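Student: I'd like to go through this model piece by piece. Can you put it up?
Tutor: Here it is.

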Amino acid sequence: MLARAAIVLTLVLISHLPLGQASAQDVDRIAAVVNDEIISLRDLDARMKLAITVSGLPDNIENRRRAVPQVLRKMIDERLQSQEAARLKVGVGAEEVMRGLANIENQNRMPPGSLLPSLVKAGVDPDAVKDQVKADIIWVKLIMRSLQPTIRVGEDEITERIENIRQQFGQPEFMLAEIFLPVESPRQEEESRRLGERLIEQLRAGAPFQALARQFSQSGSAANGGVLGWMAPSALDDDVRDVAMRLDKGQVSTLVRTGSGYAILAMIDKRVAGQTTTSDPKFSLAQVFFPVPAGAPPIQQLAAKAAELTASIKSCREMEDMGRKLNSERSGVREGLTLSVLPPAMRPVVSALPINKVSAPMNIGDALLVVMVCAREEGATEGGLPTREAMKHIIEDERLDMMSRRYLRDLRRAAFIDFRL
């Protein structure tokens, strides 16, 4: 059914023409129906503009022709996920969406608050960006509520997995990211292959891997920019293991045909198991931005006022409340951070900051920034072995990923999906 996505090409390409050549009636036509919900050509064109912009692809008819089946397929999955979330009364608030945008900025090492303005400047509808982030958050919340409680990890299993890691000491480990393009029909074979080749061209020209993964990858890792985490060669499928083994740090693979589609791999980092004593700890960080407008009092006075306002704060929830009072969209909690992704000037402050203690105000140019560490998660103990708690989370994440793929597959099979063109 999804192979019929090619039908929408004509009208999507029409919407790419200059204003006046494509009528409002054209772009308001229905591209697809997902159960009782429609995806219009206007919706599809807005998402196409987002995908093309963040991937760095030239916005032309040929690139749209190659990308539209994948983009439409992703939009259909998002509608199925949001419908299931509505059925189970799982919602997402505006604050959660803003935190999601902040996490994307973190993944791409962008200044806080810069993502939406940069995309709007490029002609992207900000609602298309927020809708995609909202869909990602909804799916995570849905599987955490529906699937997480069913997972049980035994102590024997944790012990066995840690012992397996101990036995692999001296062997290579990879920090990998992927872009996965499925092939579910003969027609989709050519579509996915051509899009994959074009994405590789853009990656080699400097396009950010994580941005392309978020827009085009059809795997569960897409919302995380395609990052799979540390993996031993034995954990990789046979069709990608040899490719990964040949990659150096920072390299991107050629297009790899797997049993279910095409994959592009990126080697983020390499290490030898057992040689590291600790991993880069992850933490969540609450931040409040105090704007410094033109003509403001001296920065020392503003810093003293910011310190006074935050001195009594004892929790990250209070930090979030302060951000709301300031109507600061840049304020909020950023999760899954490591020191390496923070600006150099912030690293010593954050690394020395006790949990639930506010920092002194930091001058970042257009604002004063106050931060609080909400939680830290050490990834390894001495000898390079993960803690039992960390290993438990690893096993849970693996099972959640497998179960969530089955969940989405079942939603697709039960859905009514049709095209109305």
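Student: Which residues touch the most other members in the largest nonpolar core?
Tutor: Leu101, Val129, Trp139 and Tyr407, in a core of 32 residues. A nonpolar core here is a set of buried Ala, Val, Leu, Ile, Met, Phe, Trp, Tyr and Cys residues joined through side-chain atoms within 4.5 Å. Buried means under 20% relative accessible area, exposed means over 50%, and partly exposed is in between (1.4 Å probe, protein chains only). Keep in mind that this is a predicted model: local features need pLDDT of at least 70, side-chain atom pairs count only at pLDDT 80 or more, and totals for chains, interfaces and linings use all residues. Residues are numbered from 1 along each chain as its sequence is written, and side-chain values use heavy atoms, with hydrogens and water left out.

Student: Which helices supply at least two residues of that core?
Tutor: α5 (94-107), α6 (115-121), α7 (126-146), α8 and α15 each do. α7 gives the most, seven residues. Helices (H or I, at least four residues) and strands (E, at least two) are DSSP runs, numbered from the N terminus.

Student: What is valine 129 in contact with?
Tutor: Leu50, Leu101, Leu116, Leu119 and Val124, leaving aside neighbours within four places in sequence. Contact means heavy atoms within 4.5 Å. There is also a second, separate core of 31 residues, which includes Ala32, Ile52, Ala67 and Val68.

Student: On to α8. Which of its residues are buried?
Tutor: Ile158, Ile162 and Ile165 are buried in α8. They cover an arc of only 55° around the axis, which puts them on the same side of α8. The arc is taken from the directions from the helix axis to the C-beta atoms.

Student: What covers them, and what is on the face turned away?
Tutor: The cover includes α15 (388-414). The face turned away from the buried side carries the exposed residues Asp156, Glu160 and Gln167.

Student: What span should α8 have?
Tutor: Its 13 residues (155-167) should span 18 Å at 1.5 Å a residue, and the end C-alpha atoms are 19 Å apart, which agrees. The expected span is 1.5 Å times one less than the number of residues.

Student: Now sheets. What is the order of the three strands in the open sheet?
Tutor: β2-β1-β11, with antiparallel pairing. Two strands pair if DSSP finds at least two bridges between them. β2 (37-40) and β11 (417-418) are the edge strands. Two bridges join β1 (residues 30-34) to β11, and valine 34 has isoleucine 417 as its bridge partner in β11.

Student: Which strands does helix α3 touch?
Tutor: Helix α3 (residues 41-55) packs on the sheet against β1 and β2, its direction making about 60° with that of β2. Helix α4 (residues 61-87) also packs on the sheet, touching β1, β2 and β11, at about 155° to β2. Axes are lines fitted to C-alpha atoms, for helices over the stretch in contact, and angles run from 0 to 180 degrees between N-to-C directions.

Student: And serine 284, buried or exposed?
Tutor: Serine 284 is buried, with a relative accessible area of 13%. It lies in strand β7 (residues 282-291). Among the residues that serine 284 touches, beyond four places in sequence, are Val333, Met372 and Cys374.

Student: What order do the four strands of the other open sheet have?
Tutor: β8-β7-β10-β9, with antiparallel pairing. β8 (332-337) and β9 (362-363) each have a single partner strand, so one side of each is left without a neighbour in the sheet.
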